[in-house]
Amino acid sequence: MGRKVGIIGCGNVGSATAFSLVNQQAIEELVLVDCLKEKAEGDALDLQDATVTASGFTNVYAGGLVDIKDADVIIISVAGPRPQKGETRLDELKATAPIIMEVVTTLKELGFSGCYVVATNPCDVITYHVWSLSGLPRERVIGTGTLLDSSRLRRVVANELKVKPHDVHAYMLGEHGDSQFALWSHSTIFGQKLEDYYQHEQSILDKEKIEKEVIKLGFEIYWLKGNTEFGIGNAIAQLTKAIVSNERAVFPVSTILQGEYGLHDVALSIPSVIGKGGIEKRIPLHLSLEEHRKLEYSANIIQTAISEIRSQKIQH
C-alpha cells in the first residue's frame with residue numbers, strides 16, 4: 001500500500017495530527033506508535049470510527065517501530081515533562097534527546113529510508129539530532145520549525161488589517177523559539193508589499209508588537225489549556241501531505257543548513273520547497289542586514305544547544 005505514515009508519540013500533538021491526516025485524506029496507511037501501547041491502540045480504534053464518516057478511507061492501526069520501517073514519512077512527536085513557568089522550549093532538551101537517540105538509532109538499524117518530520121521540542125535542535133543519528137541525507141529530515149508560527153503571523157496581521165489570513169503571505173524565520181523573527185521585507189498581501197498596502201489603507205501596523213505577540217502565542221495557549229494540538233496537528237498533516245503527494249509547495253520549515261545564508265552545521269527555519277524527496281530546494285532570499293543579523297543570532301542559540309548533545313552532557 002502506498003503513502004504510508006508512522007507517528008511516534010500519541011500525546012496531544014500526535015493524536016491531533018493523526019486526526020487531521022484522516023480527515024484530510026492525505027494518506028492510505030497510518031501506524032501509531034507509543035511507549036504506552038494502550039494509548040496507541042485506543043487512538044487507532046477511535047480513528048477507525050472517524051474513517052467511517054470521512055470522505056476517504058485510511059487504514060489506521062497501532063504498532064511498533066518495526067511496523068513503520070517502510071513508511072514514506074515518520075512523524076516524531078514525543079514529548080518530555082511539561083515545561084514550567086519561565087522555561088523555554090530549549091529546556092525540554094534534556095528529557096527528549098535521549099528518547100530520540102534510542103528511537104532513531106533503532107529505525108536506522110531497521111533500514112528506514114523515508115522522510116522524518118520532527119515536531120518534538122526544541123524542534124530545531126532535535127531536527128539536527130535526528131539527522132545526525134539517522135544516516136539520511138539532510139533533505140529527508142524536516143522540522144516543523146516556524147511553520148505554525150508563520151500561520152499565527154498571517155492570522156494576527158489579517159486580524160489587524162481586517163482581511164482573510166489566506167490573503168496574507170508572511171513568514172516567521174529562525175528558531176522555533178524566542179529568537180524567531182518576522183520576515184517583513186518579503187511579506188505581501190494581495191500580491192502587494194505589506195507595507196505599501198497598510199499605508200495605502202491608512203492603517204497603522206505595529207510590527208514590533210505583532211512579532212512579540214506571535215512569539216508568545218504558543219505559550220499563551222499552553223498555559224491556558226495545558227498544551228497546543230489543533231494548530232500544530234493541522235500544520236504537520238499539511239506538511240506530510242506535501243511530501244507524500246509531491247506537491248512541491250513552499251513552507252517555512254527547519255532544515256539543516258550547510259552554507260545557505262552563510263550558516264553551517266545548524267538547523268533552523270527558512271522557506272523551502274517540499275516534495276517527494278523531502279526538502280527539494282532551500283529558497284535563497286535577500287535578507288535585510290537586520291534580518292540576517294537576527295538569523296545569525298538564532299543560529300548561535302541553536303548551535304549552543306546542539307553542542308550540549310555533542311558533548312553528551314544530556315545523554316548520560
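Reader: Why is K207 called partly exposed?

Author: In this predicted model, K207 has a relative accessibility of 24%. The term covers values between the limit for buried, under 20%, and the limit for exposed, over 50%. K207 therefore counts as partly exposed.

Reader: What makes the contact of K207 and E195 a salt bridge?

Author: The N to O distance between their side chains is 3.1 Å. A salt bridge requires a side-chain nitrogen of Lys or Arg within 4 Å of a carboxyl oxygen of Asp or Glu, and the pair K207 and E195 is therefore called one. K207 belongs to helix α7 and E195 to helix α6 (residues 194-200), so the bridge ties together parts 12 residues apart in sequence. E195 is partly exposed, at 38% relative accessible area.

Reader: How do you know that K212 and E208 form a salt bridge?

Author: Their closest N and O atoms are 3.3 Å apart, and the cut-off is 4 Å. Both residues lie in helix α7, 4 residues apart, which is about one turn of the helix. K212 has a relative accessible area of 48% and is partly exposed, since the term exposed is kept for values over 50%.

Reader: What makes K294 and E211 a salt bridge, and which parts does the pair tie together?

Author: The closest N and O atoms of K294 and E211 are 3.8 Å apart, which is within 4 Å. K294 lies in helix α9 (residues 289-310) and E211 in helix α7, so the pair ties together parts that are 83 residues apart in sequence.

Reader: Are K294 and E211 buried or partly exposed?

Author: E211 is buried, because its relative accessible area is 13% and the limit is under 20%. K294, at 23%, is partly exposed.

Reader: How many salt bridges does the structure hold, and which residues are linked in a network?

Author: The structure holds 15 salt bridges. A network of them links R138, E139, E260 and R282.

Notes
Residues are numbered from 1 along each chain as its sequence is written. This is a predicted model: local features need pLDDT of at least 70, side-chain atom pairs count only at pLDDT 80 or more; totals for chains, interfaces and linings use all residues. Side-chain values use heavy atoms; hydrogens and water are left out. Helices (H or I, at least four residues) and strands (E, at least two) are DSSP runs, numbered from the N terminus. Buried means under 20% relative accessible area, exposed over 50%, partly exposed in between (1.4 Å probe, protein chains only).
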